[in-house]
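Welcome! Here is a friendly briefing for anyone meeting this structure for the first time. Please take a look at the sequence and the model before reading on.

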Protein chains: 6
Amino acid sequence: MRPSGRATDALRDVSITTGFAHHAEGSCLIRMGGTEVLCTASVEAKVPPFMRNSGLGWVTAEYGMLPRATHTRGDREAARGKQSGRTQEIQRLIGRSLRAVTDRTAMGEMSITLDCDVLNADGGTRCASITGAWVALNLAFRHLVRMNVLKAVPLIGQVAAVSCGLVDGTAVLDLDYAEDSGAEADANFVLTDAGGIVEIQGTAEKAPFTEAQFQELLTLAKLGTTRLFAAQRAALEVG
Amino acid sequence: MRPSGRATDALRDVSITTGFAHHAEGSCLIRMGGTEVLCTASVEAKVPPFMRNSGLGWVTAEYGMLPRATHTRGDREAARGKQSGRTQEIQRLIGRSLRAVTDRTAMGEMSITLDCDVLNADGGTRCASITGAWVALNLAFRHLVRMNVLKAVPLIGQVAAVSCGLVDGTAVLDLDYAEDSGAEADANFVLTDAGGIVEIQGTAEKAPFTEAQFQELLTLAKLGTTRLFAAQRAALEVG
Amino acid sequence: MRPSGRATDALRDVSITTGFAHHAEGSCLIRMGGTEVLCTASVEAKVPPFMRNSGLGWVTAEYGMLPRATHTRGDREAARGKQSGRTQEIQRLIGRSLRAVTDRTAMGEMSITLDCDVLNADGGTRCASITGAWVALNLAFRHLVRMNVLKAVPLIGQVAAVSCGLVDGTAVLDLDYAEDSGAEADANFVLTDAGGIVEIQGTAEKAPFTEAQFQELLTLAKLGTTRLFAAQRAALEVG
Amino acid sequence: MRPSGRATDALRDVSITTGFAHHAEGSCLIRMGGTEVLCTASVEAKVPPFMRNSGLGWVTAEYGMLPRATHTRGDREAARGKQSGRTQEIQRLIGRSLRAVTDRTAMGEMSITLDCDVLNADGGTRCASITGAWVALNLAFRHLVRMNVLKAVPLIGQVAAVSCGLVDGTAVLDLDYAEDSGAEADANFVLTDAGGIVEIQGTAEKAPFTEAQFQELLTLAKLGTTRLFAAQRAALEVG
Amino acid sequence: MRPSGRATDALRDVSITTGFAHHAEGSCLIRMGGTEVLCTASVEAKVPPFMRNSGLGWVTAEYGMLPRATHTRGDREAARGKQSGRTQEIQRLIGRSLRAVTDRTAMGEMSITLDCDVLNADGGTRCASITGAWVALNLAFRHLVRMNVLKAVPLIGQVAAVSCGLVDGTAVLDLDYAEDSGAEADANFVLTDAGGIVEIQGTAEKAPFTEAQFQELLTLAKLGTTRLFAAQRAALEVG
Amino acid sequence: MRPSGRATDALRDVSITTGFAHHAEGSCLIRMGGTEVLCTASVEAKVPPFMRNSGLGWVTAEYGMLPRATHTRGDREAARGKQSGRTQEIQRLIGRSLRAVTDRTAMGEMSITLDCDVLNADGGTRCASITGAWVALNLAFRHLVRMNVLKAVPLIGQVAAVSCGLVDGTAVLDLDYAEDSGAEADANFVLTDAGGIVEIQGTAEKAPFTEAQFQELLTLAKLGTTRLFAAQRAALEVG
């Protein structure tokens with residue numbers, strides 16, 4: 001029995017509210033159970049120096065967590081004067097995930113920055129960030145199409161992410177904080193709606209896991225992301 | 001005629017939604033027109049070193065703005081590695097304002113940190129932060145009373161803040177961004193429900209103003225905060 | 001009775017010695033009682049990026065305190081690797097105050113930086129910095145007139161600052177450290193010789209104050225700055 | 001045909017020279033082709049604050065690259081004043097990998113820090129770091145056994161790492177820099193000699209990959225690490 | 001002919017005014033020609049962690065230059081967020097020089113920090129700092145004797161410093177900025193009144209110099225410091 | 001008797017292995033007894049901003065020590081976020097020493113950065129860095145001659161460095177760590193093969209030393225560097 005009472009292959013309730021940020025070219029507030037992340041996409045008409053004259057666009061991400069998104073208040077990274085290794089790892093992951101489904105040639109030399117800020121945390125914040133950021137990115141591209149800056153949305157497909165883990169020897173989908181902190185192993189899967197793998201990050205801090213177990217986690221992740229792709233599409237239809 | 005169509009002495013629509021942050025001892029999302037600030041109060045059972053053995057509690061604040069709370073994306077302070085002078089000035093102001101209505105002796109040696117994070121900015125973010133932070137602080141104290149940590153809420157009164165300014169020679173209440181950026185002078189007033197003055201910050205970057213003009217701004221501020229005190233009380237009744 | 005034996009409306013002894021810094025285009029050492037601040041004005045033939053092609057000049061300030069300007073030695077900000085919130089708040093205030101009396105169009109695209117470094121501190125360092133910085137700025141403009149860079153000194157008027165406060169319920173002028181640390185409320189007033197208000201920063205950390213009390217403080221401030229304007233003019237006649 | 005002329009399932013030449021650092025409790029210089037990493041293990045008789053009184057030991061890692069380990073000189077991180085996100089990601093990975101095979105209860109409350117410094121880089125530096133760090137850690141534990149601090153080496157097994165990737169559609173083992181920079185996808189596998197999976201980091205920046213491709217990479221990784229386990233054992237016999 | 005018209009073996013005018021800083025246990029303003037340095041000594045009743053329970057006292061120094069002490073304004077180190085290598089080198093030198101003449105056993109476990117802040121710079125600021133810091137240190141020790149904290153001033157002798165250099169092939173004493181910037185070589189000598197050498201820092205950025213030339217510089221330095229020792233004693237008699 | 005059993009005028013065993021870094025234009029690993037420093041020279045086709053259009057080249061250095069080069073592990077400077085004063089002092093010394101023997105006019109507008117990274121430390125690391133860096137610089141210049149970028153190696157002569165010190169009243173050559181930590185005085189000499197003095201840094205933290213003692217140290221240094229010049233030449237013949 002999971003702490004939340006969910007079945008092993010059940011996602012938490014998902015909701016994606018578009019337009020939460022008033023000024024951003026694209027934005028949404030994604031909720032997965034008690035985890036809430038505000039994702040905004042900001043367009044800039046230039047690329048970073050290392051990309052100039054490449055003909056390619058740039059998509060990158062920044063991630064943050066409000067100090068009291070968690071059970072006990074964490075230090076504000078701006079006050080500490082640096083971002084943690086965890087923060088940097090996550091924002092690099094979000095950026096890579098979105099670039100994997102973006103046609104950067106069709107996009108042309110512009111930059112889009114996805115800001116993913118966690119308002120409430122209950123596990124799975126990096127996965128929710130990726131799933132929500134794809135919606136914000138899509139909305140920003142649609143905005144650019146409406147403004148006649150782009151002819152079509154330069155996205156090759158959808159990308160979404162979910163975490164799976166081994167809890168008391170059982171593979172479960174979409175870990176919340178209570179499960180995550182006690183899991184023997186957990187893995188984040190970033191998958192596309194065409195069935196492709198974009199990123200896999202599997203970690204066994206407690207004890208190594210087997211290939212068979214890993215396969216179970218991947219199967220759950222495919223199931224979970226299928227539902228997330230539907231939620232993304234539904235949000236865009238409304239938005 | 002103001003850009004928003006408001007009368008010179010009209011506040012923007014105010015709403016205060018309590019409990020927005022799931023884990024904080026007290027929290028609210030305050031909206032003043034297009035400005036939205038998430039205020040959380042976090043309790044810690046100790047005071048900073050310079051306060052130890054004083055018998056007094058400590059109330060402090062941190063302030064932040066999400067990168068895309070504004071028209072164009074701003075740098076993330078955590079990524080830049082330091083907080084701006086503006087940020088520090090604001091968080092010091094919020095802290096002083098709340099301490100002015102807190103009975104720190106009755107509170108005993110504990111600390112409460114108010115985090116005010118701007119989700120959407122349309123002028124007046126520091127004032128909205130103070131008004132919302134008082135609600136979050138009150139809720140945190142009520143929580144401590146329920147937990148039998150405190151006997152009563154150690155607040156001497158209510159505190160709220162509003163900005164007023166001279167726009168095209170006219171004194172107006174509660175400036176939004178469009179007005180603020182063109183004002184000849186503006187002032188932030190932090191007042192108590194008992195009619196006391198906690199903080200006044202008046203600034204004339206364009207041209208000095210007169211005593212009579214200053215008096216007009218103060219009169220508007222008293223009017224505005226009276227309404228904010230009512231909104232605070234209404235939010236607490238629901239919360 | 002005030003600790004210094006002064007009347008409630010008496011300034012401390014003021015002296016302004018011009019030319020203290022050998023290399024600066026304008027400089028003075030201002031003494032207000034035991035507070036001594038070295039103010040220098042440095043001219044640069046360009047403006048910061050955000051001002052380019054605006055046709056306007058730029059006036060800004062930096063503030064510092066020598067580690068042993070105070071009773072007990074403070075950390076050197078350069079060694080700590082960052083400026084405190086208080087330092088940033090003060091240098092922003094000095095810059096705004098001087099810009100309010102500068103005709104930046106007549107000045108043309110150049111920058112002047114006012115460095116205000118406290119050699120000895122006994123209360124009122126930010127106010128002494130503003131009063132002294134105006135003299136240094138004036139001297140730098142005179143230098144530019146002599147060099148035929150400017151046709152006339154582009155200053156609209158004089159600006160000076162003084163602090164007033166409520167000590168044991170009485171409004172007093174020009175607080176020294178002994179009074180400042182025990183005041184119920186204190187306010188810094190930045191005024192012009194034409195009777196205009198440039199900045200008001202009133203703070204009640206102990207208890208809110210009334211409008212009537214605030215009015216008393218403002219009356220004292222007008223009295224005090226009248227004397228400071230005379231001291232500024234006298235220093236320039238000698239300089 | 002691979003740039004190096006190797007077969008798709010061939011590792012580069014591996015050598016592990018123990019005792020390279022004179023003062024460390026354990027150390028080795030690991031070479032995988034043109035990649036050379038100096039790994040040292042430093043023992044300290046205490047654990048970090050968050051581990052105190054847990055009865056458990058702590059194993060952590062730091063990673064660095066000499067400025068001219070690469071084709072063109074990189075900035076020195078100490079001079080820039082911060083470690084990159086990549087550096088932090090790698091050192092977190094090394095630490096987790098070693099903790100997964102350490103019996104931290106048997107180790108008792110002490111800390112071991114693995115420093116992995118890249119002297120020459122030709123791809124696969126994080127994998128070489130893990131493989132070499134295990135040898136350094138083992139040597140440090142043997143030293144502690146000889147000193148009668150520990151009764152036995154508290155390692156549950158061997159851990160080693162290798163990267164695999166898809167280059168021109170073909171799965172290849174142990175990418176060097178020339179291959180890595182052009183790969184469609186690459187994955188780092190951290191495996192144990194008992195066949196367990198400790199970490200998997202698979203990334204497709206160019207295009208998503210399939211489950212079948214991922215399976216091929218994992219098969220190569222198992223082959224490669226088998227040889228690395230033998231190299232580790234051989235080095236320890238000599239050392 | 002030297003730019004200043006001085007003979008090759010002539011010091012600039014020296015003056016040492018004690019008590020310039022109101023709060024410090026010892027202080028002086030030292031002037032050597034156009035160079036002016038404010039030196040303060042601050043006593044603290046404890047030593048840094050690495051000195052605890054050694055029975056020895058600690059003497060250390062910090063050095064700074066006001067932004068407009070120089071011909072063109074330099075960045076404020078506090079604003080840049082770090083001290084330059086030059087600053088750190090100088091403050092280490094000052095600290096070592098003073099420790100060399102302090103009986104740290106007689107001093108007991110206390111710390112004295114010498115702050116040397118350059119108000120006006122015209123060459124030789126590090127040497128003036130050392131010469132002035134010794135006076136400030138002596139005054140602080142005398143204060144501690146008067147307070148019955150120490151029985152006697154724990155100084156073994158006097159220490160003073162002067163720079164010498166090769167300018168157009170000629171050895172000259174006490175370089176000012178005009179000479180320093182064009183010298184072929186320059187050397188700073190820190191000497192004691194007993195004829196001992198505490199520090200020598202000789203540098204030939206343009207071309208190597210000979211032993212004979214070095215000997216000439218040393219001879220000049222002994223001459224110059226003899227006069228500085230007299231100036232130190234004279235200042236203390238007045239002070 | 002010295003701890004190492006060496007005669008007072010004996011260097012430690014010296015070896016210089018060229019080509020240790022695979023990618024650098026010039027490199028060597030220099031060993032002086034237990035001290036090992038990896039020196040690399042990196043060429044860049046531009047000079048820093050302050051040198052542009054001067055027609056001169058630029059030679060600079062950076063210095064680092066691996067965390068476990070020493071008996072007990074030191075903090076990683078990249079992790080601490082800043083370089084120590086000692087590090088900065090050393091890298092400035094290395095840069096000046098090499099510039100003193102470089103014909104920067106013949107070199108033309110290019111930069112060469114010497115990275116000196118200590119792999120194992122047993123005293124004298126800054127001297128070994130200078131001696132090794134000269135070899136790396138020479139090799140880089142030879143590379144540029146082979147590439148037809150330069151016509152000839154723009155070096156005026158050889159430069160090498162050695163430390164000497166007073167240990168128990170006796171002058172000894174080339175201090176190792178055991179001697180260095182107990183020396184009454186020590187001095188680093190940077191000399192040229194033509195008998196010129198480039199840098200002298202003599203320090204007496206324990207007690208001042210005499211001119212005669214200083215002369216003894218200089219005599220030893222000339223003897224020692226003569227042997228180091230031979231080792232440099234021998235390494236280049238092989239390299």
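How many salt bridges are counted between chain C and chain B? The count is four. Please keep in mind that this is a predicted model.

**Where chain C meets chain B**

- Chain C brings 29 residues to this contact, and chain B brings 29 residues as well.
- Together the two chains bury about 2,700 Å², with carbon and sulfur atoms giving 45% of it.
- On the side of chain C, I197(C), E205(C) and E211(C) lose the most area to chain B, and together they make up 22% of what that side buries.
- One of the salt bridges links the side chains of R92(C) and E89(B), with an N to O distance of 2.8 Å.
- There are also 16 residue pairs in polar contact between chain C and chain B, both residues being at pLDDT 80 or more.
- On the chain C side, the elements that give two or more residues are α2 (85-99), β9 (197-203) and α6 (211-238).
- By residue type, the chain C side divides into nine nonpolar, 11 polar and nine charged residues.
- Strand pairing also crosses from chain to chain here: strand β9 (residues 197-203) of chain B and β9(C) pair in the antiparallel sense, over five bridges.
- Within that pairing, E199(B) stands opposite T203(C).

**Where chain A meets chain B**

- In this contact, 37 residues of chain A touch 37 residues of chain B.
- The area buried between chain A and chain B is about 2,800 Å², and carbon and sulfur atoms account for 50% of it.
- H23(A), R68(A) and R76(A) are the residues of chain A that lose the most area to chain B, together 27% of what that side buries.
- Between chain A and chain B the count is 12 salt bridges.
- A salt bridge joins the side chains of E62(A) and R76(B), at 2.9 Å from N to O.
- Polar contacts between chain A and chain B come to 24 residue pairs, both residues at pLDDT 80 or more.
- The elements of chain A that give two or more residues to this side are β3 (35-44), β4 (58-65), α1 (77-80) and β5 (111-120).
- The residues on the chain A side divide into 15 nonpolar, 12 polar and 10 charged.

**Salt bridges overall, and chains that stay apart**

- Over all chains, a search of the whole structure finds 102 salt bridges.
- The side chains of R92(A) and E89(D) form a salt bridge, 2.8 Å from N to O.
- R92(A) lies in helix α2 (residues 85-99) of chain A and E89(D) in helix α2 (residues 85-99) of chain D, so this pair joins two chains.
- Chain A and chain E do not touch, and their nearest C-alpha atoms are 11 Å apart.
- Chain B and chain F do not touch, and 11 Å separates their nearest C-alpha atoms.

**The sheet in chain C**

- Five strands of chain C form an open sheet with mixed pairing, in the order β1-β2-β3-β5-β4.
- At the edges stand β1 (14-18) and β4 (58-65) of chain C, each with a single partner strand, so one side of each has no neighbour in the sheet.
- Neighbouring strands of this sheet are turned by 20° against each other on average, direction ignored.
- β4(C) and strand β5 (residues 111-120) of chain C run parallel and are joined by eight bridges.
- In β5(C), D117(C) is the bridge partner of G64(C).
- α2(C) lies across β4 and β5 of chain C, at about 145° to β4(C).
- Helix α4 (residues 125-146) of chain C lies across β1, β2 (26-32), β3 (35-44), β4 and β5 of chain C, running at about 35° to β3(C).

**The sheet in chain F**

- Chain F has an open sheet of five strands in the order β1-β2-β3-β5-β4, with mixed pairing.
- Strand β3 (residues 35-44) and strand β5 (residues 111-120) of chain F pair in the antiparallel sense over nine bridges.
- L38(F) stands opposite D117(F) in β5(F).
- Helix α2 (residues 85-99) of chain F lies across β4 and β5 of chain F, running at about 145° to β4(F).

Technical notes: Residues numbered from 1 in each chain as written. Chains lettered and ligands numbered in written order. Predicted model: local features only at pLDDT ≥ 70, side-chain atom pairs only at ≥ 80, totals over all residues. Heavy atoms only, no water. Pairing = 2+ DSSP bridges. Helix = DSSP H or I, 4+ residues; strand = E, 2+ residues; numbered from the N terminus. Contact = heavy atoms within 4.5 Å. Axes fitted to C-alpha atoms, helices over the stretch in contact; angles between N-to-C directions. Buried area = accessible area lost by both parts, 1.4 Å probe. Polar contact = N/O pair within 3.5 Å; in protein donor to acceptor, adjacent residues only side chain to side chain. Nonpolar A, V, L, I, M, F, W, Y, C, P; charged D, E, K, R; others polar.
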